[in-house]
Each structure stands twice: as structure tokens, then as C-alpha cells.
Amino acid sequence: MPERTSSGFGRLLITVYGIFALSATARAGVQIATRFSEAPLPYLLSALAGVVYILATIGLARSGPGARRLAWGAVGFELAGVLVVGMLSVFDAGDFPDDTVWSEFGRGYGYIPLVLPLVGLWWLRRTRSR
């Protein structure tokens, strides 16, 4: 049986994911409600990031194979998102008049959005069935 993703170090990881879920969702909500026409793509991408962080938090906090699959999918999507959005925001800055959570690989958040999915994937692999 796999180790629970919510035990030990997983508690810290879930806390960080929860903080990012709350901050990304709140930020996107305010941006969409107040300035959507200024930068719709970045604001929608921030909302998507918020949803991904929520799903990752739920997947990591719960136990069972369904929760584990949810966590793998969310954290994998998060890594792909931060890499793609990071590259696009660097090489095609015109489409990003305002930052997203994943812009420039999470520069505005101390690059935590780039490191977090790597740590999440490591934790999921470490706690898998042996």
C-alpha cells in the first residue's frame, strides 16, 4: 500500500499548495472582475492556475487511488503550464501585458511555481506503492 501523500512532508506541501490555490484564485477573481479587458489571456491563465492548485491540493490531501491520480494529473499539468506560459511570456511578451502566476516561470512569486510541481512530482513518486 502506498504511503499517504498527506503525511509528514506532505503536510507542508499541501499547505503551500493551499496557499497558492487561495492566492491565485483570489488574484484572478479580482483581475477578471475589475480589469478583464486590459489583459484577458493572463487573467484567465491565472484563474486556470488557481483551479489547478485547488485540484492538486485536494489530490494530495486525500487518500486513495482516485486522489493520487488527481494529484498526478494536476501537478503534471501545473509543470507543463508553468513551462509553456513561462516560455511564452518571455519570448512573446506582447500577449502578456500583465503577469500571471506562471509568467516568466513564476518570477513574481519567487519562482516557487516552477519548483513546486517538481517537488510535488517527487513527493508523489516517493510515496507510491513499492
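Rings of Phe, Tyr and Trp (for Trp, its six-membered ring) are taken as an aromatic pair if their centres lie within 6.5 Å, with planes under 30 degrees apart counted as stacked, over 60 as edge-to-face and the rest as tilted. The model is predicted, so that local features need pLDDT of at least 70 and side-chain atom pairs count only at pLDDT 80 or more, whereas totals for chains, interfaces and linings use all residues. Residues are numbered from 1 along each chain as its sequence is written, and side-chain values use heavy atoms, with hydrogens and water left out.

**View 1. The aromatic cluster of Tyr-17, Phe-20, Tyr-53, Trp-102 and Tyr-109.** The count of aromatic pairs comes to seven. In one of these, Phe-20 and Tyr-109 have ring centres 5.6 Å apart and planes at 45°, so the pair is tilted. Phe-20 lies in helix α1 and Tyr-109 in the loop between α3 and α4, so that the pair links parts of the chain 89 residues apart (helices are DSSP runs of H or I with at least four residues, numbered from the N terminus).

**View 2. The tilted pair of Trp-122 and Trp-123.** The ring centres of Trp-122 and Trp-123 are 5.7 Å apart, with 50° between the planes. Trp-122 is partly exposed at 45% relative accessibility, whereas Trp-123 is buried, with a relative accessible area of 3%.

**View 3. The largest nonpolar core, with 24 residues.** Such a core is a set of buried Ala, Val, Leu, Ile, Met, Phe, Trp, Tyr and Cys residues joined through side-chain atoms within 4.5 Å. Those with the most contacts inside this core are Leu-13, Tyr-17, Tyr-53, Leu-60, Val-101, Trp-102 and Leu-116, and the elements giving two or more residues to it are α1, α2, α3 and α4. Leaving aside neighbours within four places in sequence, Val-101 is in contact (heavy atoms within 4.5 Å) with residues including Ala-24, Tyr-53, Tyr-109 and Pro-113.

**View 4. Helix α3, residues 65-91.**

Notes
Expected span 1.5 Å × (residues − 1). Buried < 20%, exposed > 50% of the residue type's maximum accessible area, 1.4 Å probe, protein only.
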